[in-house]
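These are my notebook entries on one protein chain. I set down what I looked up, topic by topic.

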Amino acid sequence: MQAELWRIIKEEIAIWRVGALPGMAVIVLVIITRLSGYMQSLEWLAFDNFLRIRPAEPIDERVVIIGINEEDIRSVGTYPIPDREIAALLRKLNSLAPRVIGLDIIRDLPVEPGHTELVSAFKDIKKLVAIEKVLPEKVAPPPKLPPEQVCFSDQIIDTDGKLRRSLLATPTEQEYKFSLSVCLAKTYLAKQGYSLENGIRDPQALRFGNLELPRFFPNSGGYVRTDAGGVQMLLNFRSGQKRFRILSLNDIKNGKYQPQWIRDRIVIIGITAPSVKDFITTSAVVSIQPAQGRIYGVEVQAHASSAIVSAVLDSRSLLYSWADCWEYAWIIGWGVLGIAFARLTKSPWRNLVAVVIASTILIAVSYLLLLCWGLWVPLVPAILVLNLNGIAMTALYQYDQALRSRIEARQALIERTFETIHNGPLQTLAKALKTIREQKLSSEELIPGLEKELEKLNYELRGIYEFLQREPLTQDRSLYLGNGLLLNLQDPIHTVLYQVYDHTLQREFSCFSTLRVKIVTFDPIDDHLSIEQKRGLCRFLEEALCNVGKHATGVTRLVVSCTQNEGWYTLKIIDDGLGSISAKEGRGTQQFRNLARQLRGKFTRSPLSPRGTLCEVSWPVAKFGFW
């Protein structure tokens, strides 16, 4: 049993190896392609689409945008907006008690009239945060503003011109500076008892309370060897078409607002006029203004501030990715699954259905991980290895299976032809040789008998040739027994066995002449045997009876039976002759052991006391109509 189990395991390993080696090569090729950066744009595309199709979130009431639009510019009559207008807006907003005001407008140079008034407002309003630019070209902050009230507004754009990450902090020649979004979130969260600190798990990360902002690395998500200088994070834009409350300069001037919209909020002032072109391209959000795929710079600051505050106060997910080793383990796992589909599905259509279902599950799981936990997993390489291995390896397995089937068919033809020759012409030849060896006959007596046997041998060999010509291997449902006798193997097994028994006992074997008692029992049995198994049982019976006819000297009693008892079928041949059992297994014995293995049964050939031989094969009754 162990040898048989080991043989099956080795065969299965050999079959798996057919697709496993090319499949692993496909996985390695996809990984190399990803490491080379050629999949980066595809992974960005999948990432952006997942973010864009998320369910709409409610407006974040904590962040209010004061957008100076085209109508505001026309009413003021000039651009840039004069300092007096900015100063008046700041004082009006400050009177409404916001928690922090962010000025996302460059004011490094005076814009008269009203510069003195603006400088005075900068001195008086302590909750104000203004901007400068530090990368790549520096733009100075507003004059007379303390350093702690100045933050940078720089953004990092990917090579395809789109924004996906936010620069939170960066070292400069003078000091370590923070972005406007971090400054706004820091001031807002301070009232809630949260302070900005270094991370614990990652000392270079930023932390509010127990929440560390997940830091962006050179190979985060679909990125490959990207500049991760400073402290960056993937930007989790708010979804939906209305993300924040947006008021205009004229709305504030004319009182078209509710004071509670401003009170205790993050207020960010910026430009929302398309003519100024202060916008950034992104595919992660649904946008109509200023144009499809673009959002205003002030809205980017609102998204970044909202992402931090919402993560700290509402446990809203921030975006992060696995370490490289886990990402590639994920890719390899889906590639191995594709190889398994190719091996286990037996038809191309089933394989296609399995791969489509698995691909759908992969996409759904990747989307849900991003939606619910903010985890960005490699979708494009995983779906590539799944489909390439699942579909391409199927063709390879089909070819290998066809090749194996042809080899097995050829081997089956060889085995079947040998069985037919072994139980027919070779028995006649063995009889002639035995006559020559055991009897001392003169030439006059020997030649006529030998000639008769050789003619019979010639007839039997020609009959086998004609049978094989008539019965193609793929359509063979019959058993050739010689003398032109064909048995229909689709008949009940007990009927076919009796025909084999009757034909074999009519053959001219010397030991059959002494038989006096013949007991035959072929019970009707509810068999579920295949054609090949029926053929094997018939050849077993024929071979066992031929052995009795050739070797059982002085046999007088022959018992042949096929019965069912205690859940087993048994085909048994018992004689009382003096035939001996050879210590060396012949071809017939090997075939019988193979037959017993196919039937999941057992084969026995043993001597009886004081004389005789038992030859039997037994197999279990099928409980559910199949093996």
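**Entry 1: basis of the model**

I note that this is a predicted model, in which local features need pLDDT of at least 70, side-chain atom pairs count only at pLDDT 80 or more, and totals for chains, interfaces and linings use all residues. Residues are numbered from 1 along each chain as its sequence is written, and side-chain values use heavy atoms, with hydrogens and water left out.

I looked up the confidence, pLDDT, which the predictor gives each residue from 0 to 100. The protein chain averages 85, and 80% of the residues score at least 70. Where pLDDT is low, the predicted coordinates should not be read in detail. Helices (H or I, at least four residues) and strands (E, at least two) are DSSP runs, numbered from the N terminus.

**Entry 2: helix 4 and helix 5**

I returned to helix 4 (residues 83-95) and helix 5 (residues 115-124), whose axes come within 7 Å and cross at roughly 30°. Axes are lines fitted to C-alpha atoms, for helices over the stretch in contact, and angles run from 0 to 180 degrees between N-to-C directions. The two helices are therefore roughly parallel to each other (angles under 35 degrees; over 145 is roughly antiparallel, 65 to 115 roughly perpendicular and the rest oblique). Taking contact as heavy atoms within 4.5 Å, I found that Asp83, Arg84, Ile86, Ala87, Leu90 and Arg91 in helix 4 meet residues of helix 5 including His115, Glu117 and Leu118. The contact residues divide into 6 nonpolar, 2 polar and 5 charged. Here Ala, Val, Leu, Ile, Met, Phe, Trp, Tyr, Cys and Pro count as nonpolar, Asp, Glu, Lys and Arg as charged, and the others, Gly among them, as polar.

**Entry 3: helix 11 and its partners**

I next examined helix 10 (residues 324-344) and helix 11 (residues 348-373), whose axes come within 10 Å and cross at roughly 160°. They are therefore roughly antiparallel, and the crossing is right-handed. Residues of helix 10, among them Trp330, Trp334 and Phe341, meet residues of helix 11 that include Ala354, Leu362 and Ser366. This contact divides into 10 nonpolar, 2 polar and no charged residues.

Helix 2 (residues 40-52) also has an axis that comes within 10 Å of that of helix 11, crossing at roughly 65°. This crossing is right-handed. Phe47, Phe50 and Leu51 in helix 2 meet Ile363, Ser366, Tyr367 and Leu370 in helix 11, a contact of 6 nonpolar, 1 polar and no charged residues.

**Entry 4: disulfide**

How many disulfides does the structure hold? I found 1, taking a disulfide as a pair of cysteine sulfur atoms within 2.5 Å. Cys151 is joined to Cys183, S to S 1.7 Å. The torsion about the S-S bond is about -85°, so the disulfide is left-handed. Cys151 lies in strand 4 (residues 150-152) and Cys183 in helix 6 (residues 180-190), 32 residues apart.

**Entry 5: backbone details**

I recorded a cis peptide bond between Glu112 and Pro113, with omega about 0°. Pro113 lies in the loop between strand 2 (100-103) and helix 5. The peptide bond from Leu135 to Pro136 is also cis, with omega near -20°. Ala97, although not a glycine, has a positive phi of about 60°.

Notes:
Left-handed = near helix turned anticlockwise from the far one by under 90°.
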